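Hello,

Here is the structure I promised to pass on. Have a look at it first, and then read on for what turned up.

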Amino acid sequence: MKNHNETIRRLVSYLNNPDHQGGLWLPNIQRPFVWHEEQIEKLFDSLMRDYPISTMLVWRTDSSIKCRRFIDHYQPGVPLSQYQVPENRASKMLVLDGQQRLQSLYIGLCGSYDGKELYFNVASGAPASPDEIRYQFRFLKPNKVIYPWVRFKDIVAYQGMPNHLGEELADRSPTAIDKSTTNRIIENVWRVHNVFCNQERIAFQLLDSVDNPKAYTDNDIVEIFIRANSGGTQLSKSDLLFSLLTNDWEEADVKMEGLLEELNAGGYKFDRDLVLKTCLVLLGKGANYDVGKFRDETTRTRIVENWGRISAAIGDVRDFLRNHTYVRSHHALTSYNGLLPLIYFRYHYPDKWSCAQGLATFVLRVMVTQAFSGRPDNLINKLTRQIDTDKDFKVPRLFEVIRQDGRSLDLTDETLLAIGYGSRQIHLLFNLWYRQFDYQPAFAGNAPQVDHIFPQSALKRVKEYNPETGRNSLMRYPAPARDQLANCMLLTAAENGPGGKGDRLPSEWFADKGKAYLDMHLVPDDPKLWEIKRYDDFVKARQALLLERLIPILHELPDWEEAPDSPTSVEPEPEPENAGDDLSVTPPAEKPAAVGQTPVQGKTVKAEGVLADFLRRIAAPSKYIAGFRTPEGRELALERESASITLWSEVLPGAEESGFLLHRRYGATKSRNTSLNGKNCPRLKLGNPVLMWKLADTDELLDFINWYQQV
C-alpha cells in the first residue's frame, strides 16, 4: 500500500478519465451520493481555510468490476444505473473511501448541482470564528448571479498570473470599491490558486492489485471497504451488507433499484435500509445488525435465492397499505419498521394472507400510537416469534406482546388533541378523517397540504398585557397553541396555492362555503366562532367535533377493514322464498356466522338470524355490517359486532314517536360506518340521511320490522 498526494485540480482531472491509469471510478459497493448543497459549500470553505480533510482509499485493479462514473451534473432522484459503465478488464482505480468529498469537488469544479453552478463571493474572507462560514460559496443559477459572486471553476481553471485575475475581478464591480476590498479579492484569487492548483492537498492510499496481483483479492477489498467505513458515519450498516451482496450477486443493484422504484411509485419512501433489514428478519436472523450477519455467506446466498419471494412479500404489504388502510403516502406512514411483522406474516404464511383479519387494525393502531419508535428491534423479534407460535396474525396477542414490551397502544383525548402541525401523525389522522369523502389531495401525486385555519400571522398579532412594560406585548398564542390539531385542516393544492386560502381568516374563507364543506372539515357552523377574538371558543368547539369523529376510529376496530386480496370472500346467502310475508312466527334459532367471518355471540347473532329469515339480504355481510331490504325496497342494516342490537335505517316520518330508541340522526354528509356503502347498503351510504337505533332484544326487533315496513 502506497501513500500518494495530489493537487485538487489534478486529481479531479483523473475522475472518469481512462487516459490516466484507467481513471478514477466508483465501485458499485458504494452507496449513492448524499451530500446537500450546504455540505459541499462548507467543504470548499474548509479547503480555503486550510482545514485538513481525511485521507482517501483507492484500489487499482484490472478485474472486471461493476462500477460507475462520477456525476458531473447532479440531479436528485436520477437512479445510479444511469451512471454505470461497461465492465472491462482494463486497469482502473476505484475509490473505496472518500466518495462524498471527491464527488463534491467534481460537481463544484466541473459540473452543477440540480442546474446550479458553484459561485464564490470574491469579496468574502473577513476573519470569522471557526464555527462560522468565512469564505462564501453558493450554488446559483447562472442567470441569477450578481457581483461579487463569480463562477468558481473559472478561477481554478485560470492559467495566468493570479494577481492579474484578481485585479480584473475587482474592476468588474459596478460600484467603486475601496483598496482593502480590492486587496482581499486579489488575496482570495491567490489563495484559490495555491489551495486548488499548487498544494498537494489530497492524500490517498493506493491498494495496487495490478502490479501486485496476489496482494489483494476481491474478497480482501470488500473486507477492507467494510473496515474502512464501519468505524465512522459514512455508511450505514445496510450499506455494508449491500457491499457484500453486490460482490456475490451481479444484479443486486439493478434488482434493488427496480424494487424500490416499484414500491415508491405511489408516494412512499421505502429505502434500501428497510429492504435489507427485512431480508434479515424474514430469514430468521433477527432485526438487529451485527457484523457477523454481513460476513455470513449462507445468509447472502439465501437472500439471493429467495429474492423473488422477499420482494413479493414486501410488495403485497405495500399494496395492502395502498388499497385497504388509507395510509397511501409516506406522510401518513409514521413507521416503516411497523410493517415488518406484516411482511414476515405474508412471507412465511402466504396461504393465510388473503383471509387474514386485523391487519389494518394493527397498522392503524401502531402508526397512530408510534409503538415502533425508538429502538424497536427486540420488539420486532418478539412479534415474529409470536406469529410463528400462532402460525397466524392474531392481533390481540400481538398487541399484548407490544404492551409487555412497555409500549403504549392507547391514545387519550389529551394526547390526540396534542398532535399538531408538522408531526407525522397528523397526516395519518387526516388520511382517516377524510377517507369517506371524494376528497383526496394527498393521494394524487401531491403531498398533503396541511394548513392553519386561523393563520399563524394573525394569531401572532394577538397580544396580552405585559405588567413589566405596561404594554400589550406578550404573545397570547405561542407555537403549540397555533399548531394544535384543532387549528389544522387539509386543503387541496389548488385551495392552498396562489389565490387560495393563504392568510385569509376563517370568517372570510368559510363565508361562501356550504354546510357539506364545513362538515367535511369538522368546522363549527357558528360564524361567530370564526372571528379572531373567538379563537379559544372555536378551538374548544372543534376539539369536541374532532373527538367525536376520531375516537371511534382509533379505539374501535376499523369498520373499513377488509381482507387483503378481495373486498369480500363470502358468497351471498340465498334469499328466503317468503321473505316479509308473515312476521308472526317464532324467532329462528341462532345461526353460525358466515364462513370467513368472526362469530359474534349473543343478541347480535340472533338479531341477524331474525333479519335474514324475514328480509332479503342485499349482499354478503362484511365483518361489521349486514344489510337487508324490505319487500317495499327500504334498507336496514345491522351492526354485526355491536354489544347491543344496533340498526341503521332510512329516515322515516314519526321516528321519534315510534316507541323505539332512536339513538342518533345523521345528516347526508355526516360520517357513519363505512361498510354502509354502495355494495352493502346503497341507500344508507354517505350522501343520504340515516337513523341509528338501539333495541333491547329480538322481540323488540320483530316489532321494529313490522313498524318499519308499515310506516
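Predicted model: local features only at pLDDT ≥ 70, side-chain atom pairs only at ≥ 80, totals over all residues.

Helices (H or I, at least four residues) and strands (E, at least two) are DSSP runs, numbered from the N terminus, and two strands pair if DSSP finds at least two bridges between them. The sheet is open and has 6 strands in the order β17-β18-β19-β20-β22-β21, with antiparallel pairing. At its edges stand β17 (616–617) and β21 (661–666), each with a single partner strand, so one side of each has no neighbour in the sheet.

Working through the strands, β18 (residues 625–629) pairs with β19 (residues 635–639) over 5 antiparallel bridges, and A626 faces L638 of β19 there. The antiparallel pairing of β19 with β20 has 3 bridges, and these two strands form a hairpin with 5 residues between them. On to β22 (residues 690–695): β20 pairs with this strand over 6 bridges, again antiparallel, and V690 in β22 is the bridge partner of E650. In strand β20 (residues 645–650), 6 of the 6 residues are buried, so the strand is largely enclosed by the rest of the structure. Here buried means under 20% relative accessible area, exposed over 50%, and partly exposed in between (1.4 Å probe, protein chains only).

Just after α10, G284 has a positive phi of about 75°.

A pocket is an open set of points on a 1 Å grid over the protein atoms alone, where a 1.4 Å probe fits, with protein on both sides within 12 Å along at least five of seven lines; lining residues have an atom within 4 Å of a point. The lining has 32 residues, with P32, V78, P79, L80 and L260 nearest the centre. α9 gives the most, with 6 residues.

Now for the backbone. Most residues other than glycine have a negative phi, and most peptide bonds are trans. N16, in the loop between α1 (8–14) and β2 (24–27), has a positive phi near 60° and is buried at 18% relative accessible area. K391 has a positive phi of about 50° and is partly exposed, at 47%. Its loop runs between α17 (377–390) and α18 (395–404). A cis peptide bond, with omega about 15°, joins Y147 and P148.

Last, the cysteines. The structure holds 0 disulfides, a disulfide being a pair of cysteine sulfur atoms within 2.5 Å. C488 is buried at 0% relative accessible area, whereas C110 is partly exposed at 37%.

Best wishes

Methods:
Residues numbered from 1 in each chain as written. Heavy atoms only, no water.
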